[in-house]
Amino acid sequence: SAVLGRLLADLTSACKKHYGSRLRAVAVFGSVVARHAAPDSDIDLLPVIDDLPDGRVARADDFSQSSAP
């Protein structure tokens, strides 16, 4: 749908703004791609990013620091 397309474009744009040149791709998967999404379905995204720190906590810290206003 047009609404979903706009939402995906906005999410991709936000990822580009947040990660800059480190962002390699944003993959969409799951029920949205399979066209089985219900109105309350989530959107599964997989951002592919270069130079992330090792470890879940370090990555969360990297995200928090770079998303601060």
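**Salt bridges in a predicted chain**

Q: Which side chains meet in a salt bridge at 2.4 Å, N to O?
A: In this predicted model, Arg24 and Asp50 do, with 2.4 Å from N to O. The pair links distant parts of the chain, 26 residues apart: Arg24 is in strand S1, and Asp50 is in the loop between strand S2 (44-49) and H3.

Q: Is Arg24 buried or exposed?
A: Arg24 counts as exposed because its relative accessibility is 57%.

Q: How many salt bridges does the structure hold?
A: Three. One of them joins Arg22 to Asp62, where the closest N and O atoms are 3.2 Å apart.

Q: What does Asp62 touch, leaving out residues up to four places away in sequence?
A: Tyr19, Arg22, Leu52 and Pro53. Asp62 itself belongs to helix H3, which covers residues 56-66.

Q: What does Arg6 form a salt bridge with?
A: Asp10, with the closest N and O atoms 2.6 Å apart. Both residues are in helix H1 (residues 2-19), and they are four residues apart, about one turn of the helix.

Q: How accessible are Arg6 and Asp10?
A: Arg6 counts as exposed at 52% relative accessibility. Asp10 is partly exposed, at 37%.

Q: Change of topic. In what order do the elements run?
A: From the N terminus the order is α-β-α-β-α, made up of three helices and two strands.

Q: What is the radius of gyration of the protein chain?
A: 14 Å, whereas a compact globule of 69 residues would have one near 11 Å. The C-alpha trace spans about 35 × 20 × 20 Å along its principal axes.

Q: What share of the residues is buried?
A: Buried residues make up 12% of the 69. The chain exposes about 5,300 Å², and carbon and sulfur atoms supply 56% of that area.

Notes: Residues numbered from 1 in each chain as written. Predicted model: local features only at pLDDT ≥ 70, side-chain atom pairs only at ≥ 80, totals over all residues. Heavy atoms only, no water. Rg over C-alpha atoms; globule rule 2.2 N^0.38 Å. Buried < 20%, exposed > 50% of the residue type's maximum accessible area, 1.4 Å probe, protein only. Areas by Shrake-Rupley, 256 points an atom, 1.4 Å probe, with all protein chains shown as cover. Contact = heavy atoms within 4.5 Å. Salt bridge = Lys/Arg side-chain N within 4 Å of Asp/Glu carboxyl O.
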